[in-house]
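Open the model in your viewer and keep the selection tool ready. Each stop below says what to select and what is there.

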Amino acid sequence: MRVWRIGGRTVHPIGIGTWGMGGDRLPDGEIFADYRDDDREIEAIRAAVELGQNHIDTAQLYGAGHTEEIVGEAISGLDREELFIATKVWRSHSLRHAVPHAAEESLRKLRIDVLDLLYVHAPWDSIPMDEYIAGLDDAVDAGLTRAIAVSNFSADQLLTAVRLSRHPIVANQVRYNLLHHGQVDSHMRDICAEHGVTIVAYRPVERRLLADQATSPAVLDIAAEVGCTPAQLAIAWVINQPGVVTIPKASSREHLEENLAATRVQIPGGAQARLDSLGRKDGTE
Ligand SMILES: NC(=O)c1ccc[n+]([C@@H]2O[C@H](COP(=O)([O-])OP(=O)(O)OC[C@H]3O[C@@H](n4cnc5c(N)ncnc54)[C@H](OP(=O)(O)O)[C@@H]3O)[C@@H](O)[C@H]2O)c1
């Protein structure tokens, strides 16, 4: 049976995305906390774990910190060692000395002793990379996280990070789905394979444009041919690739169950080639 790993740890290929739980973004870009749907979101995370998902993806930024609190509440009482908890440090805490402080604050909100994975959320133009990579290394040395990772890094930025860091960079979390290949190309794949970096594909159902709002004729046709939904096709396409896992956000049991069934979807060779040719390569979100 195929297994999916991040830095030597086995994870379910379909993780639990949490953007939008406990907050959102205002039109001017400001992130805000929203406590109104806490019960439903806590229930969704618990349902996902009950259904076998073990990789939870969150971030210091989400819900202005409230999303980590929701995750903390959802996982309280669960077997910590069964879970793989990842969070991301934002630009505001990306100077070397600030990264471990951010990790400590995330641990407090998540109500756990150690993270499984700490990412830098993006490659900030305004901060030298060696600052936040050293901060991630320090967080490992301080026992705050078991492993470190980057997000939204290009292939060349990933290679620089791998060379700068004292501890292995075990993942690059990037927007990657059927319609947007983003930074993922053969160069990125080669670097990831050589250095043991898992690609964590975010936005796998393109915020519903590859789910119930799918309009791409090719996606709709192939899903019908294969006998699955567009969301299942989109998720299967991602996790069938070597070295790739994904983290859709779903807040109902119906969506969770639909997405999890993607692990059983087989895409025939001809359909695979048609799907591979759909994506647009772009470096930006
Ligand atoms: N590193 C980064 O910069 C970055 C950026 C973006 C996202 N992320 C991470 O990646 C995760 C996933 O990305 P995302 O949340 O942006 O996009 P996504 O997972 O592609 O889409 C989430 C949306 O799709 C809906 N959905 C999920 N499954 C569905 C289904 N089977 N049928 C219909 N609708 C379905 C969800 O609705 P319901 O909630 O109603 O189920 C939600 O509105 C995030 O939650 C976050 O953890 C990271």
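Begin with the shell around the ligand: its residues divide into nine nonpolar, 10 polar and eight charged. Here Ala, Val, Leu, Ile, Met, Phe, Trp, Tyr, Cys and Pro count as nonpolar, Asp, Glu, Lys and Arg as charged, and the others, Gly among them, as polar. The model is predicted: local features need pLDDT of at least 70 and side-chain atom pairs pLDDT 80 or more, while totals for chains, interfaces and linings use all residues. Residues are numbered from 1 along each chain as its sequence is written.

Select the ligand and its surroundings. 27 residues surround the ligand, each with its C-beta atom, placed from the backbone, within 6 Å of it. Colour G17, W19, Y202, A211 and K249, the closest ones. Then pick helix α9 (residues 253–260), which gives the largest share of this shell, three residues. Helices (H or I, at least four residues) and strands (E, at least two) are DSSP runs, numbered from the N terminus.

Next, the largest nonpolar core, with 80 residues. Such a core is a set of buried Ala, Val, Leu, Ile, Met, Phe, Trp, Tyr and Cys residues joined through C-beta atoms within 7 Å. Buried means 20 or more other C-beta atoms within 10 Å of a residue's own, exposed 12 or fewer, and partly exposed in between. Show A103, L117, L118, L136, A149 and A234, which touch the most other members. Helix α8 (residues 230–239) supplies the largest share of this core, seven residues.

Zoom in on A234. Beyond its neighbours within four places in sequence, A234 contacts N177, L178, P204, V205 and L210. A contact has C-beta atoms, placed from the backbone, within 7 Å.

Move to helix α4 (residues 129–141). α4 has 13 residues and reaches 18 Å from first C-alpha to last, close to the 18 Å expected at 1.5 Å a residue. Which residues of α4 are buried? Select Y132, I133, G135, L136, A139 and V140. They cover an arc of only 155° around the axis, so they lie on the same side of α4. The arc is taken over directions from the helix axis to the C-beta atoms. These buried residues pack against α3 (98–110), β8 (117–120), β9 (148–151) and α5 (155–164). After α4 comes G143, with a positive phi near 75°.

Last, two backbone angles. Most residues other than glycine have a negative phi. A64 has a positive phi, near 50°, in the loop between β6 (55–57) and α2 (66–75). R111 also has a positive phi, near 60°, in the loop between α3 and β8.

Note on methods. Contact = placed C-beta atoms within 7 Å. Expected span 1.5 Å × (residues − 1).
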